[in-house]
Amino acid sequence: MRRLPLSLTPPRPSWAGGWLGPRRGSGPGVLRKSLQRGFALSAGSFLVYEAHKLISGFAEVHASFKVEEIIEQADYLYGSGETEKLYRLLVQHKNSDDAELLWRLARASRDLAQLSSTSAEKKRQLAYEALECAKKALEKNESNFAAHKWYGICLSDVGDFEGIKTKIGNAIVIKEHFQRAIELNPKDATTIHLIGIWCYSFAEMPWYQRKIAATLFATPPTSTFQEALHYFHQAEEADPNFYSKNLLFLGKTYLKLNNKKMALLWLSKAKEYPAHTEEDKQVQKEALELLNSI
C-alpha cells in the first residue's frame with residue numbers, strides 16, 4: 001500500500017496534547033479499543049486481499065494450463081488431418097488473446113477453405129476470417145514467427161478474391177512477413193519454401209501481370225527460377241522430405257531450367273510421397289502428369 005506523503009500525515013490524537021486540546025471520551029482506553037478494532041479490520045482486509053491474490057493466481061495458472069491443453073489437442077488434430085474437428089475446437093476461442101491459439105485458428109480456417117467440399121461462398125468467408133485471426137495474433141505478439149508466416153499466407157489468399165491488382169500490390173508485404181518469420185525462426189522449412197513459391201510466381205509472371213506490377217511499384221518486384229530453386233533446396237536441407245509440394249516445386253523448377261534429369265528425380269519423389277491430405281493427393285496427380293509429359 002502506498003504511504004501518504006509527509007505533508008498529509010494526520011495530526012496526533014488530542015489526548016497526546018494535540019492542537020485541539022483534550023476532548024471528553026478520547027483518552028488512552030478509547031484509543032486502545034479503536035486501535036484494536038482498526039487492527040482487526042486491517043487484518044481481515046489483508047486476509048481478503050491475500051485470498052483474492054491466491055484465487056487470481058490459481059485462475060491464471062488454470063487459464064495457462066487450459067491454453068496449453070487446447071494447443072496440445074489442436075496439434076494432435078492437425079497432425080491427424082482432422083481439419084473440420086480442428087476448426088470446431090479452435091473457433092470457440094476466436095476472442096482469445098493468445099497468439100499461439102490465434103495463428104492456429106488462422107491456419108485451421110484456411111485449411112477448411114482449401115477442402116473441395118467447402119462451398120465457394122464459405123471459402124471466401126473463411127479466407128477473411130483466417131486473415132483477421134492472423135492479424136490479431138500479430139497484434140498480440142509481433143515476435144511470433146508463425147503469426148508472420150500465416151499472416152503472409154492469408155493475405156495472399158485474400159488477394160485471390162480481390163483481383164490480380166490487389167494480389168500483386170500485396171506481394172512485397174507478403175514477402176516481408178515471410179522474411180520476418182525466417183528472422184525469428186531460421187530453421188522453419190515451410191516459410192523458406194513459401195519464399196521459394198514467391199520467387200517462382202514472379203519468375204513465371206506473364207507479361208500483362210508485369211505491366212500491372214509496373215503501375216503499382218516504382219521498382220516492381222522480380223525474381224528468377226534460380227532464386228526459387230535456392231529456397232526450395234534450402235527448405236529441404238532444413239527439414240528433408242517435410243512437404244510434398246516442396247518436392248513438386250523442385251521438379252517443376254528444374255523443368256523450367258531445362259534440367260530433365262533432376263526434374264525426374266524430384267517429381268518421382270513427389271509422386272511417391274505418402275498422401276495424408278487432399279493437397280498431397282493433388283501433388284501426386286500433378287507430379288504424375290508432369291512425369292508423363294517429359
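These legends describe close-up views of aromatic rings in a predicted model.

**View 1. Tyr128 and Phe161 form a tilted aromatic pair.** A search of the whole structure finds seven aromatic pairs, and one of them joins Tyr128 and Phe161. Their ring centres lie 6.4 Å apart. Tyr128 belongs to helix α4 (residues 120–140), while Phe161 belongs to helix α5 (residues 145–162). The pair therefore ties together parts that are 33 residues apart in sequence. Tyr128 is partly exposed, at 29% relative accessibility. Phe161 is partly exposed as well, at 33%.

**View 2. Trp198 and Phe202 pair within helix α8.** This pair is also tilted, with 4.4 Å from centre to centre and 35° between the planes. Both residues sit in helix α8 (residues 189–203). They are four residues apart, so about one helical turn separates them. Trp198 is buried, with 9% relative accessibility. Phe202 is buried too, with a relative accessible area of 5%.

**View 3. Four aromatic residues form a cluster.** The members are Tyr200, Phe225, Phe232 and Phe249. Ring pairs link them.

**View 4. Arg107 sits over the ring of Tyr78.** The part of Arg107 to look for is its charged end. That end is 3.5 Å from the centre of the Tyr78 ring.

**View 5. Lys269 lies over the face of Trp266.**

Definitions and conventions:
Residues are numbered from 1 along each chain as its sequence is written. This is a predicted model: local features need pLDDT of at least 70, side-chain atom pairs count only at pLDDT 80 or more; totals for chains, interfaces and linings use all residues. Side-chain values use heavy atoms; hydrogens and water are left out. Rings of Phe, Tyr and Trp (its six-membered ring) pair if their centres lie within 6.5 Å; planes under 30 degrees apart count as stacked, over 60 as edge-to-face and the rest as tilted. Helices (H or I, at least four residues) and strands (E, at least two) are DSSP runs, numbered from the N terminus. Buried means under 20% relative accessible area, exposed over 50%, partly exposed in between (1.4 Å probe, protein chains only). A charge sits over a ring if NZ of Lys or CZ of Arg is within 6 Å of the ring centre and within 35 degrees of the ring normal.
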